[in-house]
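Subject: Structure handover

Hi,

Here is the structure you asked about. Please open it alongside this note. My findings follow below.

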Amino acid sequence: MTMPDRLLAASTNLAQASRFGAAGQRAEHDRMANAIRALAMDAVEKAKSGHPGMPMGTADMATVLFTRFLKFDAADPAWPDRDRFVLSAGHGSMLLYALLHLTGYEKLTIEELKKFRQLGSLTPGHPEYGHTPGVETTTGPLGQGLANAVGMAIAERHLAAVFGADVVDHTTYVLVSDGDLMEGISQEAIALAGHLKLNKLIVLFDDNGISIDGPLSLADSVDQVKRFEAAGWAACRIDGHDPEQIAAALEAAKKSARPSLIACRTVIGYGAPTKAGSEKSHGSALGAAEIAGAREKLGWSAPPFETPAAILAPWRAAGARGKPVRLAWEMRLAALDPNARAEFERRMRGNVSKALDAAVAEVKQKLAAAPKDIATRSASEFALEALTAALPEMIGGSADLTGSNNTRVKAMETLNAADYAGRFIHYGVREHGMAAAMNGMALHGGIIPYSGTFLVFSDYCRPAIRLAALMGQRVIHVMTHDSIGLGEDGPTHQPIEQLAALRAIPNLKVFRPCDAVETAECWQLALENKSGPSVLALTRQNVPQLRLAFDGQNRCARGAYELLAPEGGAASVSLFASGSEVAIAVAAQKLLAAQGVAARVVSVPCFELLLAAPAAERAAIVGSAPVKLAVEAGIRQGWDAIIGSDGTFVGLSGFGASAPFKQLYQYFGITPEKVAEAARAELARR
Ligand SMILES: Cc1ncc(C[n+]2csc(CCOP(=O)(O)OP(=O)(O)O)c2C)c(N)n1
């Protein structure tokens with residue numbers, strides 16, 4: 001037992017001895033668990049929607065966890081060394097809200113519980129991070145919470161290795177349902193956690209054998225205990241309504257050298273007279289008669305939304321029992337070497353240090369001194385050499401495409417079970433699990449995760465990227481091979497609609513830099529984007545460096561800028577492009593100039609930043625040339641916001657093909673000649 005564990009155990013045992021007495025312990029437990037059940041029934045009933053079955057079935061597990069194991073202080077929901085509790089089965093949100101209310105999270109008043117699922121309340125349908133104090137991650141899409149928890153557990157191990165167990169020493173608990181474990185992402189998460197031997201990750205499985213359609217046997221016959229064991233976990237099966245079995249299993253899990261699964265056999269809707277054990281209690285209000293029957297069965301006579309003082313008191317004590325532990329932690333933090341403490345605090349605040357500006361300037365200076373006509377994925381690696389040296393909180397990775405994504409710089413050691421201090425994660429071929437684990441790391445704090453895969457596989461990451469955007473988490477996805485420019489791998493690997501699809505996600509920034517200088521600038525913007533995720537779409541093929549003179553300003557910061565002014569008078573054509581197509585626009589400008597047409601070139605590395613710019617600035621960047629033409633090796637969707645619905649687009653409208661990349665650009669007509677031709681044709685039409 002570590003020192004903080006001993007402190008917590010001492011405060012828990014003391015409190016329990018005085019409260020329960022040996023004989024009354026079970027009865028006290030039942031009353032406390034029933035308080036959760038009653039609140040869940042009442043809130044769902046009042047809202048006339050929600051999921052009472054899961055909180056009623058898991059109330060015993062949650063009561064044991066929150067009163068005897070979980071290290072937390074309801075008075076300080078953001079305490080960095082708290083244990084994390086992730087409710088992966090987010091539909092059971094009333095379990096979490098009841099727990100937060102009962103343990104005394106100040107904002108989770110009974111009034112908030114009465115407003116369950118109502119606009120503006122702290123108790124939305126599914127738990128939302130950043131909205132409700134005490135909610136560690138947004139859950140609802142099944143499987144995500146489990147994979148987030150893997151990331152949190154990685155973050156904990158890494159930061160403990162860096163800063164020491166005196167300041168980082170906590171456990172990540174996850175409550176999962178059958179649905180979580182049926183989702184494919186769970187396999188990725190479980191395999192990764194087992195491989196990394198994340199022994200401070202403990203999964204409580206609500207093994208109730210029921211999902212929405214009915215008994216699980218309709219669709220599933222997996223032996224979850226064997227499945228987890230096969231992935232390197234410790235796993236056991238217990239009665240999820242027996243507090244002593246739950247406690248014993250948690251004790252054992254805390255001592256395990258591997259991550260642990262505790263499959264808790266439970267009855268969904270426990271206590272409901274006719275709906276318990278049935279899908280009927282899963283996702284709708286129980287109804288007045290059923291609730292009356294449940295109250296009687298559970299021996300709960302308090303009116304709706306009332307928790308008798310004698311039951312609330314031990315709950316509140318449970319919420320406060322972590323306070324001395326937190327205070328002791330604060331003293332240990334204060335005793336840390338001042339530099340280490342300042343660094344720990346900086347990282348937990350998520351502020352990137354001034355070193356970032358210097359690192360970016362250094363990269364840009366080097367590029368001005370010795371220009372590089374390289375692929376933007378290589379430019380990204382070049383930038384990462386400086387950035388990862390400047391920002392030790394950056395943890396890189398790749399889903400088995402390390403050499404292709406160029407996300408690993410030479411100085412980076414692997415983060416693995418033998419050395420959690422490493423900074424590069426081999427995620428394996430697990431894009432979805434990777435993206436969700438990155439969310440968990442960012443949520444944990446102290447880490448800026450970035451990773452790599454091919455842009456076309458952003459589809460495999462999408463549900464997790466969407467949640468990162470919803471939660472406002474800084475995760476950075478390096479996505480290379482960003483167009484038909486990847487060549488011979490053919491249409492399965494060539495992203496076409498992916499840029500548009502990613503740009504459709506609110507609060508996600510999609511960067512597509514055109515050269516090595518823009519790549520460094522886009523990296524800077526992604527790292528400074530504290531309140532949302534970013535994607536860096538990078539080329540496989542070489543591109544010329546278009547920005548040759550050193551410019552201290554980050555020209556990508558407005559999302560777009562005039563790269564080349566028109567030659568000889570006002571522009572009659574504005575050529576817009578992103579990424580590798582900017583060089584095509586530049587060549588087209590020359591062709592047009594030779595034909596007496598003045599054109600300007602606007603590089604558009606980030607739609608979202610451009611569209612967020614003040615209207616006057618945006619108008620100045622877009623300009624007033626009569627012909628607006630965009631070129632991008634993808635679909636048109638989204639570009640109309642810049643070129644207008646009557647603008648001209650040179651790109652793709654179907655899938656790619658397998659061939660050397662130069663041939664493909666010719667074949668699909670994405671060339672300077674075709675761009676110039678389209679511009680002239682449009683000018684002639686006007
Ligand atoms: C990715 C995803 N697909 C579907 C759903 C809709 N949904 C919510 S709960 C659930 C399954 C319910 O079964 P289980 O997970 O065992 O929960 P329990 O019935 O035990 O509460 C489904 C399909 C979802 N939330 N997320």
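First, a term: buried means under 20% relative accessible area, exposed means over 50%, and partly exposed lies in between (1.4 Å probe, protein chains only). This is a predicted model, in which local features need pLDDT of at least 70 and side-chain atom pairs count only at pLDDT 80 or more, while totals for chains, interfaces and linings use all residues. Residues are numbered from 1 along each chain as its sequence is written, and side-chain values use heavy atoms, with hydrogens and water left out.

**Salt bridges**

A salt bridge here is a side-chain nitrogen of Lys or Arg within 4 Å of a carboxyl oxygen of Asp or Glu. The whole structure holds 36 of these salt bridges.

Take Glu 244 and Arg 68. Their closest N and O atoms are 2.8 Å apart, in a salt bridge. Glu 244 sits in helix α10 (residues 243–255) and Arg 68 in helix α3 (residues 53–69), so the pair ties together parts that are 176 residues apart in sequence. Helices are DSSP runs (H or I, at least four residues), numbered from the N terminus. Arg 68 is buried, at 19% relative accessible area. Glu 244 is partly exposed, at 43%.

Arg 26 and Asp 30 also form a salt bridge, 3.0 Å from N to O. Both belong to helix α2 (residues 21–47), four residues apart, about one turn of the helix. In general, an α-helix has 3.6 residues a turn, so residues three or four places apart point the same way. Arg 26 is partly exposed at 39% relative accessibility. Asp 30 is partly exposed too, at 26%.

A further salt bridge joins Arg 555 and Asp 551, at 3.9 Å from N to O. Arg 555 is partly exposed at 25% relative accessibility, and Asp 551 is partly exposed at 24%. Elsewhere, salt bridges with shared partners link Asp 73, Asp 76, Arg 326 and Glu 330 into one network.

**Nonpolar cores**

A nonpolar core is a set of buried Ala, Val, Leu, Ile, Met, Phe, Trp, Tyr and Cys residues joined through side-chain atoms within 4.5 Å. The largest has 71 residues, and Ile 154, Leu 198, Leu 201 and Trp 233 have the most contacts inside it. Helix α6 (residues 144–163) supplies the largest share of this core, eleven residues. A second, separate core has 67 residues, including Leu 356, Val 478, Ala 516 and Ala 676.

What does Leu 201 touch, leaving aside its neighbours within four places in sequence? Contact means heavy atoms within 4.5 Å. The partners of Leu 201 include Ala 149, Val 150, Ala 153, Val 174 and Trp 233.

Helix α16 (residues 376–390) has 15 residues and reaches 21 Å from its first C-alpha to its last, close to the 21 Å expected at 1.5 Å a residue. The expected span is 1.5 Å times one less than the number of residues. α16 bends by about 35° at Leu 384. That bend is the angle between axes fitted to the seven residues ending there and the seven starting there. Among the buried residues of α16 are Arg 377, Ser 380, Leu 384 and Leu 387.

Helix α18 (residues 431–444) has 14 residues, and its end C-alpha atoms are 20 Å apart, which agrees with the 20 Å it should span. Of those 14 residues, 14 are buried, so α18 is largely enclosed by the rest of the structure. Gly 445 follows α18 and has a positive phi, near 95°.

**Cysteines**

A disulfide is a pair of cysteine sulfur atoms within 2.5 Å. The search of the whole structure finds zero disulfides. The sulfur of Cys 236 is 7.5 Å from the closest cysteine sulfur, in Cys 264, too far for a bond. Cys 236 is partly exposed, at 27% relative accessible area. Cys 606 is in no disulfide, and its nearest cysteine sulfur, that of Cys 522, is 7.2 Å away. Cys 606 is buried, at 0% relative accessible area.

**Two single residues**

Asn 34 lies in helix α2. Asn 34 is buried, at 7% relative accessible area. Beyond its neighbours within four places in sequence, Asn 34 is in contact with Leu 298 and Trp 300.

Val 325 lies in helix α13 (residues 323–335). Val 325 is buried, at 2% relative accessible area. The C-alpha atoms of Val 325 and Ile 465 are separated by 35 Å, and the two are 140 residues apart along the chain.

Best wishes

Definitions and conventions: Helix = DSSP H or I, 4+ residues; strand = E, 2+ residues; numbered from the N terminus.
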